[in-house]
Amino acid sequence: MTRKSRLLAGAAVALLLLLGGAEIARRAADLPSLPVLADLQLDLTPRSQTYKLYDANPIRRSRHPAPLPTALRPLDVELPWKEGGTLDVAAFLKATHTHAFLVVQDGTVVFEDYSGGYDAASRFASFSVAKSFVATLTGAVLAEGKLASRQEPIGNYLSGEEIAPAYGNITVGQLLDMRSGIDVDERYGGSLTSPVVRMYVSTDLGKFLAGLNGLRFAPGSRFEYRSVDTLVLSRVLARATGQSLSSYAQQTLWEPLGMEQDASWSTDSQAHGVEKAFCCINTTARDFAKLGLLYLNAGRAGGKQVVSAAWIEEPRQIVNRGHALDYRDGWWIPPGNEADRDFSAIGVFGQYLYVNPATRTVIVKLSDHGVEQDEVLTLLAMRRIAHFVAGKN
């Protein structure tokens, strides 16, 4: 063997040892595969399509799909935007890197736009829009009597081996309203030093939850947005129903809502199958819209009372008189909503499911925009669109 060959062989062995060590460390830390980690760090896959990188539980389309009627018309309206300016709809969609935009007024699709090679059959990752689905499932479990009340402590469902004893008296309602105090910092970005990012990429969410024990504040004492609250809530729902979250969602939402396309809910791994309840439903714009329609139709869909009419009123009870967003029961409340009582699911990178009861309008916006970017402005633009399509200029 020549000296060059020996050097190459030695380099190859060193590389294999390095990769082997990285693989051992990855598995010990419950992280996804090295190619997935590299993809996330380098942004190789668009954020709205990152569901393709993970294992997932399937959610089958409804046996009785209910296509939305369509009567498209132009949206010739100026939208309020930055520094007191305005944008037309096309400029608004371009500025916010929108791939799918759907406006449903009184149950009919009146505007639909796709870009970047996507279409009505394309799936998108929900990110935190999933929290509003989990909240709705909570309402369904309460309606079925499988949870006693919002005040019920989660220690009634999760053992001391699953969650720290300090969390046992946290209530279902505190998790819904993000008032638990469970200490998992919500800093976004690609770094694995961020607790919420570690939760997002974990291949063993049960182990992740069992390893938590800190409280940032006394449960119920204040609001602080934390994705971990929805994850814990989802484990309570799974225990209360005796079903996986995705199975219960298919039975309780997908079937009566008449979802037209197969969907999925990303999981930590094939081995554990725990849904990333805080982020990762993957479906189409039209099927996302149907959750909003449930809230416009007093909780009824497919001839079934999915959640109670009183539950449907919950997100509207807070009237936001400030300049920031309020939060209640898995939904965000925009400023100045006294007349509209509108509310929205919001996901990082620009995912929205906006509901306006006053105009009977639902708007879905699926994007690759930015981290916590332009939320209030986007919701005010959607409110303007809702008024326009309802003839309330």
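Which residues are buried in helix H2 (residues 34-42)? This is the first stop in a set of close-ups of a predicted model.

**View 1. Helix H2 has a buried side and an exposed one.** Val36, Leu37, Asp39 and Leu40 are the buried residues of this helix, which runs over residues 34-42. They all sit on the same side of H2, because they cover an arc of only 160° around the axis. Follow the chain just past the end of H2 and you reach aspartate 43, whose phi is positive, at about 55°.

**View 2. The largest pocket holds about 340 Å³ of space.** Its lining is made up of 22 residues. If you want to find the centre of this pocket, look for Phe127, Tyr188, Val197, Tyr200 and Phe349, the lining residues that lie nearest to it. H2 from the previous view turns up again here: both H2 and helix H6 (195-201) supply at least two residues of the lining. H6 gives the most, with four residues. Sorted by class, the lining comes to 14 nonpolar, five polar and three charged residues.

**View 3. The second largest pocket has a volume of about 250 Å³.** By class, that makes six nonpolar, two polar and three charged residues.

**View 4. Strand E13 is mostly covered.** This strand spans residues 343-347, and five of its five residues are buried. Here is a handy rule for reading the picture: side chains in a regular strand alternate between the two faces of the sheet. In E13, Phe343, Ala345 and Gly347 point one way, while Ser344 and Ile346 point the other way. Whichever way they point, all of them are buried.

**View 5. Strands E13 and E14 form a hairpin.** The partner strand, E14, covers residues 351-356 and pairs with E13 in the antiparallel sense, over five bridges. One spot to look for is glycine 347, which stands opposite glutamine 351 in E14. Three residues lie between the two strands, and phenylalanine 349 in the turn has a positive phi of about 75°. Phe349 is also one of the residues nearest the centre of the largest pocket.

Terms used: Residues numbered from 1 in each chain as written. Predicted model: local features only at pLDDT ≥ 70, side-chain atom pairs only at ≥ 80, totals over all residues. Heavy atoms only, no water. Buried < 20%, exposed > 50% of the residue type's maximum accessible area, 1.4 Å probe, protein only. Arc of directions from axis to C-beta. 1 Å grid on protein atoms, 1.4 Å probe; cavity = no way out; pocket = protein on both sides within 12 Å on 5 of 7 lines; lining within 4 Å. Points joined across faces, edges and corners; volume = space filled by probe spheres on them. Nonpolar A, V, L, I, M, F, W, Y, C, P; charged D, E, K, R; others polar. Pairing = 2+ DSSP bridges.
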